[in-house]
Amino acid sequence: MANFNTHLTGGFAVSAITGLIVYKAGLVNAQEFLSCVLIGTIGGLLPDIDSDNSTPIKLGFNLISLALAFALVIHWQSSLSLLSMLLLWLVGYGLMRYGVFYIFTRLTVHRGIIHSVPYMVTMALALVSINHYLLGVAAITSWFYGAFLLLGALVHLGLDEAYSVDLLNNRLKRSSGTAMKFYKHDQRFYFIGLYGILFMFITISPPFAPFWNKVSDPVTWWLLKDAMLPEVLTR
Ligand SMILES: [Zn+2]
């Protein structure tokens, strides 16, 4: 298994490169680009969120809780008094840091359900819906955020999978094949529930076609190809 620093670096590097490409292709603006990189990096750490009470996980959860609390306050700042803002901040932070974290650590065993592909797809879809329906972000941008979360998470699962292979003598370690999982028989009830929630998010998520059309539009990539090298080299 890859460690925290490898996941942090891997998630960040892949998100930053992919982010730069979609930014340069004009698919996201500067601010959305930064959000995509941040979300991708968080996605790269997310599957290990239930690993144990190790400091990096706690730190990561603290940062996510802080960011969420600030996002709540910023979103409702115009309609709230200073005191209500402080209260909202405290409640948002407390709920996330202690409530959600507690549930995470209680309900899951490491490399349990959270460390799986369907869980991460569900998280990505939840992020899309939260951004679009609650925060009023455009559907296409919301899909980009979800895509980056999933990208980071898949980098994480891929890294764990790669690290379970002994590269020197090609011998497979015992943990190989358990990182990139879709289902586990002894946790079948959790997985059935998970696929149920996943299906629910698929049915309520904002339209996917505009996002897909934009990403798969050849014109976007022709323009990018033209902008790939410094002008001196393409002349
Ligand atoms: Zn992991």
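Me: Are His 156 and Asp 160 buried or exposed?

Reply: In this predicted model, both His 156 and Asp 160 are buried. Burial is read from relative accessible area, with values under 20% counting as buried, and His 156 falls in that class because its relative accessible area is 1%.

Me: Where in the chain is His 156 found, and how is it placed relative to Asp 160?

Reply: His 156 is found in helix α6, which covers residues 139–163. Because His 156 and Asp 160 are 4 residues apart in that helix, about one helical turn separates them.

Me: Which residues are the protein donors of the zinc ion?

Reply: The protein donors are Asp 48 through OD, His 115 through NE2, His 156 through NE2 and Asp 160 through OD, and they lie 2.0 to 2.3 Å from the zinc ion. Along the chain, these donors follow the spacing D-x66-H-x40-H-x3-D.

Me: How much space lies in the largest pocket, and which residues are closest to its centre?

Reply: The general idea is that rolling a probe the size of a water molecule over the atoms shows where empty space is left. In this structure, the largest pocket holds about 1,700 Å³ of space. It is lined by 44 residues, of which Ile 64, Leu 68, Met 96, Leu 127 and Ile 130 are the closest to its centre.

Me: Which helices supply the lining of the largest pocket, and what classes of residue does it have?

Reply: At least two lining residues come from each of α2 (30–45), α3 (55–76), α4 (82–107), α5 (117–134), α6 and α7 (188–204), and α3 gives the most, with 10 residues. By class, the lining has 36 nonpolar, 7 polar and 1 charged residues. Domain 1 (4–50 + 110–234) and domain 2 (53–107) each contribute at least three residues to this lining.

Me: What elements make up the chain, and what share of its residues counts as buried?

Reply: The chain has 10 helices and 0 strands, and of its 235 residues, 37% count as buried.

Me: How do Val 121, Met 180 and Phe 211 read on the scale of accessibility?

Reply: Val 121, placed in helix α5, is partly exposed because its relative accessible area is 24%. Met 180, found in the loop between α6 and α7, also counts as partly exposed, at 34% relative accessibility. Phe 211, whose place is in helix α8 (residues 209–216), is buried, with a relative accessible area of 8%.

Definitions and conventions. Residues numbered from 1 in each chain as written. Predicted model: local features only at pLDDT ≥ 70, side-chain atom pairs only at ≥ 80, totals over all residues. Heavy atoms only, no water. Donors = N, O, S within 2.8 Å, 3.2 Å for Na, K, Ca; no water. Buried < 20%, exposed > 50% of the residue type's maximum accessible area, 1.4 Å probe, protein only. 1 Å grid on protein atoms, 1.4 Å probe; cavity = no way out; pocket = protein on both sides within 12 Å on 5 of 7 lines; lining within 4 Å. Points joined across faces, edges and corners; volume = space filled by probe spheres on them. Nonpolar A, V, L, I, M, F, W, Y, C, P; charged D, E, K, R; others polar. Domains from an automatic or database assignment.
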